Amino acid sequence: MAKAPHPAPPRPAAPAAPAVRAAPAVAPRATVTERSTGARNIVRALEEQGVDTIFGMPGGAILPTYDPLFDSTKLRHILVRHEQGAGHAATGYAAATGRVGVCMATSGPGATNLITPLADAHMDSVPLVAITGQVGASMIGTDAFQEADIVGATMPVTKHSFLVTDADEIPARIAEAFHIASTGRPGPVLVDIAKSAQQAASQFVWPPEMDLPGYHPVTKPHARQVREAARLLATARKPVLYVGGGAIRANAARELAELVNVSGAAVVTTLMARGAVPDSHPQNLGMPGMHGTVPAVAALQQADLIVALGARFDDRVTGRLDSFAPRATIVHADIDPAEISKNRTADVPIVGDLKEVVADLTVELRAAHAQHGLPDLEKWWKQLDELRHTYPLGWAPTEDGLMAPQHVISRLGEISGPESVYVSGVGQHQMWAAQFISYEHPRTWLNSGGLGTMGYAVPAAMGAKVGRPDATVWAIDGDGCFQMTNQELATCALEEIPIKVALINNSSLGMVRQWQTLFYEGRYSHTDLHTGHETKHIPDFVKLAEAYGCVGLRCTSTADVDATIKRAMEIDDQPVVVDFVVSRDAMVWPMVAAGVSNDDIQYAHGITPAWDRDE
C-alpha cells in the first residue's frame with residue numbers, strides 16, 4: 001500500500017490577488033462604417049480595441065495621427081521623454097495588467113529607439129503593439145529623411161511586423177496586431193504606417209476582416225499527453241514543478257495553486273514567475289538558477305521528474321546544460337511548440353494554453369491517484385526541508401560599515417507589503433529584490449528577465465502605475481540603470497504618476513563589479529560610477545529628483561532605513577526618489593557561475609553546499 005504523502009505544514013489561505021483589468025469583451029454588433037482618413041483610422045481602431053493609454057512621442061512621419069488623437073476622449077496619451085521609455089512603459093502597463101500595452105513613435109530614430117523595448121518584450125512574452133510612422137510610400141527605399149527599414153530591423157525581435165501603405169488596410173492590420181500580440185505566446189507586434197497612408201482619405205470599417213493564414217495557436221492540450229504526465233507525477237518519488245513566466249502570462253495562478261496542493265510536489269518559481277505561487281506556500285522552494293536558493297537548485301538536480309510549466313530551460317536556470325537534472329524525466333508544457341525540446345529533450349511534450357493544461361493535469365492527477373495511490377514523498381521532503389533549514393537566504397554584515405543592500409530591500413518589502421508592485425532594473429539589485437521580497441500574487445514583480453535591459457525600471461514602473469493606479473508601485477533600481485532612463489521622472493511628475501524609486505546606490509555597475517571581484521582578480525575596469533559614498537556624487541540624486549519635480553530623500557544609516565521608507569510611503573501625490581547609499585562590496589549569493597554545473601552552486605564565497613550528488 002502506498003504511504004501517505006509527506007505531511008506539509010498547515011497551508012495559509014492564498015491571499016486574494018490584486019484586481020487585474022481584463023481586456024474588454026467585444027460584443028457582437030453591426031458593422032461601423034465612417035468617412036475617415038488613415039490617421040483617424042488608427043485612432044478609431046485603438047478606441048475600438050478598448051485601449052485607454054498610449055505612451056509615445058510625436059515626430060514628422062507620425063504627426064498626421066497625432067492630430068485626430070488630440071480630439072479623442074477615450075485615449076490618454078502620455079508624452080515620454082525618450083521613445084525607449086515609451087516602449088518600457090507600455091511593457092510595464094501590460095505586465096502589471098495583463099492587457100496589451102501600446103506605444104507610438106515616428107520614423108527613423110524614433111522607431112529604432114523602440115527596438116530595445118520590443119526585444120525586451122519579445123524575450124519575456126509581453127503583449128505589446130507599437131505603432132510607428134514611416135516616410136511616404138513613394139519615398140520608401142530612397143534613403144529619405146528619417147527613413148529606416150523598421151520592419152526589417154524588428155522582424156527578429158517581434159512576433160510580427162507590418163508595413164501599411166494603404167489607408168483602407170489600417171483597421172485590419174491594427175486588429176490583427178492586437179490579436180497576434182495577445183493570443184498564443186504573447187509578444188510584441190509592430191505596425192509601421194506610411195505617412196501617405198495616414199494622410200489619405202479612407203473609410204473606417206469596424207470590425208474589419210482579419211487575414212492571418214497559418215496563425216492558429218494551439219490552446220487545448222492533447223489529452224493522452226496530459227494523462228501520461230499525470231501518471232508520472234502520481235508515481236514519482238522526487239517530483240518538482242518548475243514554474244516559469246508563462247504561468248503568469250496565462251493567468252493560471254488559481255489553477256496552479258490547485259495542482260500544487262493536489263500533487264504534493266516541490267515547486268520552484270523562476271525569476272519571471274515570482275508570485276505565480278505564493279512564497280508563503282510550504283511547497284515553494286523559491287527561485288532556481290544562477291542566483292536561486294540552494295533548496296530550489298538542489299531539488300532540480302536531484303529530481304526524478306520535472307514538470308516544466310511555461311518555462312524554457314534557459315541557461316540561467318540550467319547552468320551547464322549537460323549536467324542539469326541528470327536523472328529526471330521531463331514533462332514540458334508550453335503554449336509555444338518551438339520551446340518544447342529546444343534546450344532539454346522532453347519525454348512528454350504538451351503544447352497548449354497553460355491555464356487549460358494545468359486544469360486538465362489536476363483532473364487527471366486525481367484520477368491517477370485513485371489508480372496508483374498517493375505517492376510516498378516523505379523522504380523527499382525530509383531532504384528538502386533539511387536543505388531549507390541548513391541553507392536559508394541571508395547576508396553577511398558589510399566590512400565597510402555601510403548599509404547592506406539586502407537589508408534595505410528586505411525592509412522595503414516588509415513595510416510596503418505584498419499588495420505593492422515591485423519593478424526592478426537589472427543587476428545585483430534585481431537579484432536581491434527577487435530573493436528578499438516575498439511575492440504572494442502574480443503581476444506584482446516586474447523585471448527584464450530574458451534581455452536583461454538596464455534602464456527598464458523607471459519607465460516600466462510608470463506604465464505599471466498607470467495600469468494599476470490604486471497600487472503602490474516601487475521601482476527598485478541601481479545607480480547605473482537609473483541614469484539610463486531617469487528622464488521619465490519628468491513624465492511622472494507632469495502626468496501625476498506618483499511612482500516611488502528605491503535607488504540602491506553602490507556607486508558601481510554592481511553585478512559587473514562582482515564578476516570582476518570573483519573572476520578578474522579585483523581589477524575594477526570602468527565600473528566606478530562616482531555616485532555614492534566618498535565619491536564625487538555626480539549626479540546628486542536628491543537634487544536630480546527635485547529638479548524633475550519629485551521628492552528626493554537620502555538614507556545612509558541602517559538605523560534610518562525604516563523611517564525613510566515610511567516617509568516615502570506617506571507621499572502619494574508626487575514621485576519619490578530615495579537614494580539608499582549602500583556598500584559596494586555586497587555580493588549576490590548563492591551563485592552558480594556561468595558555464596558550470598548547478599552541482600557547483602556556492603552558498604557564499606567558497607562554500608559549496610553538501611548534498612549527495614551521486615544519489
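Begin by selecting Lysine 500 and valine 576: lysine 500 stands opposite valine 576 in E19. The model is a predicted one, in which local features need pLDDT of at least 70 and side-chain atom pairs count only at pLDDT 80 or more, while totals for chains, interfaces and linings use all residues. Residues are numbered from 1 along each chain as its sequence is written, and side-chain values use heavy atoms, with hydrogens and water left out.

Next, select strand E17 (residues 500-505), which runs parallel to E19 and is joined to E19 by six bridges. Strands (E, at least two residues) and helices (H or I, at least four) are DSSP runs numbered from the N terminus, and two strands pair if DSSP finds at least two bridges between them.

Now show the side chains of strand E19 (residues 576-581), where six of six residues are buried (under 20% relative accessible area, 1.4 Å probe, protein chains only). Val576, Val578 and Phe580 point one way, and Val577, Asp579 and Val581 the other. In a regular strand, side chains alternate between the two faces of the sheet.

Finally, move to the open sheet of six strands, ordered E3-E2-E4-E5-E7-E6 with parallel pairing. Its edge strands are E3 (76-79) and E6 (160-164), each pairing on one side only. Within this sheet, select E5 (residues 128-134) and E7 (residues 188-194), which pair over seven bridges; glycine 133 stands opposite isoleucine 193 in E7.

Notes:
Buried < 20%, exposed > 50% of the residue type's maximum accessible area, 1.4 Å probe, protein only.
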